Amino acid sequence: MRKDWIGIPALGILLLLASFAAAQDAVEEMTQDADPRPGEMMEDTAGVEGTQLQPAVEGVPEEPGPALDVPGAITVEDKDNDAGDQLVVCFEPPADTSGVFAYNVYRRKAGETGEVSWNLVKIIPVLGPTLFIDGYDPEYPIEPGTRYEYRVASVSLEGEEYFGEPQVAQAVPAGELYHTGKTKVLIAGGLFIFLIFYYFGKAQRGRQMYLRPIAGIEAIDEAIGRATEMGKPVLYVPGLSTISDVATIASLTILGRVAKKVAQYQTPLMVPNRDPIVYTVADEAVKQAYLEAGRPDAFDPDSVFFLTDSQFAFVAGVNGIMMREKPATNFYLGMFWAESLLLAETGSLTGAIQIAGTDAVTQLPFFITTCDYTLIGEELYAASAYLGREPKQIGAVKGQDACKGIIMAFITIAFVLSILDMVADTETLEWVRRIVTVPIVD
Amino acid sequence: MKRTVPLMIVMVGGILMMVQYFIPHQYSQAVFDSYVSWAPIIAAFALILGVGSLTRVHAHKIRRKAENWQYSWAVLIPLYAMPVLAHIWPVSLSGGMDEPSIFHFLFMHIQVPIQATMFSMLAFYIASAAFRAFRAKSALATVLLLAAVIVMLGQVPIGDLIAKWFPQIGLWILRYPNLAAKRAIMLGVGFGILATNLKIIFGVERNWLGGAGK
């Protein structure tokens, strides 16, 4: 065991030395090729097209020819499904790549002149792919509708460039009006929207729809009632994300319903916020809930407040509130990250009844462990429909269920096909997978 | 009017963004970029409201001499001192301008360690939560405990020493039952997000409008 420990670094050092020596030999060999012999002159020709290192030996006729072989033809195509800001560039590598370290690809607008007009847009290692997508570098963006010119240089270990012939791009970049890679998303999205609207219509026509009871939502009334009986406040944390997060919006709709009940029971409410925009929306939602409950006078402007936008400072602030004010009920609904356990565990220590809900899969175990009730994933989005019982909201939940039914049908079919494939040695599932699977699109 | 205008803005914006997703053309991208660039501008103005709210709440506490009102000073003084030290008076401890400023000193030696302390407390909270979660009070809790023991032991070298099958079983639990449950949740979340977006775009969900939504 001890020998192994000594052997591994020793072997590593030996390998390093060997590769270093080999690299040095290669450099020396190339230097000898490139270096002028005594009495020879070297012309500085870097940057000249079809460049050669031209030895000039007195009395010996010059033999012009590149020291390094230069890349060949360049092919340029417009990239599909882009905004007209990318081109697919491909070049032929030199026949002899000995001594070539990398390729430098330069671009300029067609018609421009002068060496300074060339922009280095890509460096490709000698063994790297000679096909690449140009336009990613924000320093040198590609303008739609502009014709460009390219040239590629072989680069030696010393950094000298040997340029191939410049070539005007065969294609002009142009943006497309439809992304062909997103057709399957369009079909699935269209089907989903159709199902949602179908159930909206059904609900509006007065059709009774059954919703599976969710313990966490049914416990909301009980939790607020408990706080009222104890004469302690209710704490509502609408997550730590911004208003652009759908979980935050779902949380704010639940906050409206919770605040209405809190107003009816005349229980104090505290809503700390991490995001200033979420704070303003939460403030409006709570104010409106008190108005709807017929108790606008009971609304305390200090009940909804901004704390800080720093993640752990927010946790410290909320934990401090929990330890000082000892709220009887804590709601954690929205988007949470690492702070979920810090919040919920502190709340658990204070003896509060806790209802959590998030769509962050990684935080769910922490909430399930420390909270009395947890709304898992989509239940957070369905909570508003459960609390409001408005037909259209219930219709949306039924539409979601129908979509899940379709997915379940697909999974069942795939399961059956995979067993059939195993038995009959066919590839039906692979064939179906190719049709259904959405390709990765940018 | 107070309700219709915001609803129309959301509907037009929402539909535009949906359509934009399928159009990669430069004009479509320009519309998207223009919409996205509004977000930081609005956030910057909203921060003023946020700081105002924090100041108001703590000023009220101090004025009323509410319980623990002294802590409110601990909030208000750094809240205003830090921007002043950063932008208006960026001097160093010795009074010169070449050394790290007082702001930098306070940030590195107070704020950063406090935040690191809060984060590192997570380790103790995880231990306490794990203790509670792994109490085998029922059949399901026992299954959870067993699965957790196998997965945890499968991740460390001692698991391999105890039994060769520990890592394989642990990996199987993570790859199949665990991943299946995760994917089911994520699928539901995806549909939930889509449905909520549609409800907001088409005005079914209006709670986000606050007072204007009714």
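Visitor: At roughly what angle do the axes of α4 (residues 246–265) of chain A and α7 (residues 165–201) of chain B cross?
Guide: Ground rules: this is a predicted model, where local features need pLDDT of at least 70, side-chain atom pairs count only at pLDDT 80 or more, and totals for chains, interfaces and linings use all residues. Residues are numbered from 1 along each chain as its sequence is written, with chains lettered from A and ligands numbered from 1 in the order in which they are written. Helices (H or I, at least four residues) and strands (E, at least two) are DSSP runs numbered from the N terminus, and axes are lines fitted to C-alpha atoms, for helices over the stretch in contact, with angles from 0 to 180 degrees between N-to-C directions. The axes of α4(A) and α7(B) come within 10 Å, and they cross at roughly 65°.

Visitor: Which residues of α7(B) does α4(A) meet?
Guide: Contact here is a matter of C-beta atoms, placed from the backbone, lying within 7 Å. From α4(A) come A:Val246, A:Ile249 and A:Ala250, and they meet B:Ile193, B:Thr196, B:Asn197 and B:Ile200.

Visitor: How many residues of chain B touch chain A, and which helix of chain B supplies the largest share?
Guide: Across the two chains, 51 residues of chain B are in contact with 65 of chain A. On the chain B side, α2, α4 (102–133) and α7 each supply at least two residues. The largest share, 16 residues, comes from α7(B).

Visitor: What span does α2 (residues 26–64) of chain B reach?
Guide: With 39 residues, α2(B) has an expected span of 57 Å, taking 1.5 Å times one less than the number of residues. From first C-alpha to last, the helix comes close to that, reaching 58 Å.

Visitor: Which strands stand at the edges of the chain A sheet?
Guide: Six parallel strands form this open sheet, in the order β11-β10-β9-β12-β13-β14; strands pair if DSSP finds at least two bridges between them. Two of them have a single partner strand each, so one side is left without a neighbour: β11 and β14 (373–376).
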